[in-house]
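Hello,

Please find the structure we spoke about below. My notes follow it.

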Amino acid sequence: MSNPRIGTFLIACSAFLWACSLATTIEYDANAIIINGERRIIISGAIHYPRRTSQMWPDIIKKAKDGGLDAIETYVFWDLHEPARRQYDFSGNLDFIKFLKNVQEAGLYVVLRIGPYVCAEWNYGGFPMWLHNLPGIQLRIDNAVYKEEMETFTQRKAKRVNVDASDYLWYMTEVFINDTSSWQNATLNVTTMGHVLHAYVNGQYIGAQWGKYDNVGFIYEKPIALNQGTNVISLLSGTVGHANYGALFDLKDTGIVGGPVKLIGSDSNNIIYLSRSTWSYKVGLNGEAKRFYDPKFPNGVQWNTNNVPTGRLMTWYKTTYKTPEDYGSNLEVNCEGGKTISEIQFASCGDPQGKCGSFQKGEWESRDSPTVVERACIGKGSCSIDVTSSTFGIRKGGTNGQLAVQLLCDGSNPEDGRVQRIRG
C-alpha cells in the first residue's frame, strides 16, 4: 500500500469493541484490551445478523452467552445496506442497531467489524457491485474514489451506531506545517449540517457558531494561528434535537457530513483540504461518560458549591429541588357491567414493582396503602384516590410515590381482576 497512513486507517477501522453504555471506557495497549481500567481477554463468537431472521437473534445470542462467550462479533455488510448508490436499507434483518441492542440486553459486548471489506465467505467481499463501475475506482488501495465512497458509508454507519448515545461528537485530526509565514493569520472553514460547532486548535478554544431555526446548516469560519510542526484540530459538533416533520425528515443529516473542512492561509489561494485527512472520533463528553447526570452513580466527583462560575466553557452545573408535598395524580377505577369492587388484591403506594397481575412491594411503601384503598373503593362501582403524600401518610421527603392497585370486581374471575397503576 503506497500510503502507510491510509493503511493504518483501514486496519484501525476494521473492527472495534462496542458497549452500549457511556459509563464503559474501552482502551488498549500492546498487550491487552482494557475495559474500565481492567485488562480483559475477550472471548467472542460470530453471529452475522443478516444470516438469521431478527426473530431468531435473541435466542441465538442467549445460547452464545450460555456457551461462555462474553462478546458477539459481526461484520457490517456494505452490499446489503447500500444496494444502490446512496440508497440505504437498515430494515428487518438488516437492522443491525436492533441486533446490537439485543446483544446489550443479554449483557454481552460487541466486536463490530465495520469493514468496508468483509471476508466471511461473502459475495464480492461485501462490496456493492455498483462500486466496480465507478470511473477511476480501485478497491482496497489508496484510491481517492474508493476512499470517498468508503467514508460516506462509514459515516452513515457511525451515525446509526451512535444514535442517541449523545448529542455531541468530537472530530479530531492533525496537520503538519513547515512554514508558518502564511499560517499565522489563517482561517478554519468548516461546512456543517448543524446544529452547533465548537472548535479547538492545539487545545485552545477558538469559538462557536450555530445555525438558525429555519436553516440549521452553516459554514463555520474563525481566525486561527498555526504553529510550526504538528497542529491538532478538534471539532465538537452538537445537535439540539432532531427533525420531526416534513418529507423524509428522518433522513435529514446533522453534523459534519463530508464537510468540506479547510484551512485557508493569509493568501486565500493557499488552502489545505482536511476532509480526506485521517480523522478520529469520540462520542459524547467526559461528564456523560462519568454519568454526572445520574445522582445514584458513584462517579467520585466533588461538586463546587462556592463561587459557582458563570460563562465558563465546558462546565457542568447541578442543582436539586423539592417537589411540592401535596402535588400528585388522581387514580380512578371502575367495574363494568354494574359490578362492584369486592376485593383489593394488591395495593402499595411507594415504589411497587412488577406488572399486570404480578405486582410486588418495592423497597419502601406506605403501610396505610391497603386501608386507604379499601376505604375508598370496597362496595362501590367506581372510586377515586388522590395519590399524594398526605393521603397515604408518606413522610419520605420530596415524593408522593407510585400507586399500584389490583382489585376484583364482584362475580368476576380472579384472573380478570382489574389492574391500575399510576405514578404520583
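The model is predicted, with local features needing pLDDT of at least 70 and side-chain atom pairs pLDDT 80 or more, while totals for chains, interfaces and linings use all residues. Residues are numbered from 1 along each chain as its sequence is written, and side-chain values use heavy atoms, without hydrogens and water.

There are 2 disulfides (cysteine sulfur pairs within 2.5 Å). Cys 335 is joined to Cys 409, S to S 2.0 Å, and this link is left-handed at -90° about the S-S bond. Cys 335 sits in the loop between strand 17 (329-334) and strand 18 (341-350) and Cys 409 in strand 20 (residues 402-409), so the pair ties together parts 74 residues apart in sequence. Strands are DSSP runs of E, at least two residues, and helices runs of H or I, at least four, numbered from the N terminus. The other link joins Cys 377 to Cys 383; its torsion is about 80°, so it is right-handed. Cys 335 and Cys 409 are both buried, as are Cys 377 and Cys 383 (buried: under 20% relative accessible area, exposed over 50%, partly exposed in between, 1.4 Å probe, protein chains only).

Helix 2 (residues 57-66) and helix 4 (residues 96-105) have axes that come within 10 Å and cross at roughly 40° (axes are lines fitted to C-alpha atoms over the stretch in contact, with angles from 0 to 180 degrees between N-to-C directions).

Glu 149 belongs to helix 5 (residues 144-161) and is buried, at 2% relative accessible area.

Regards
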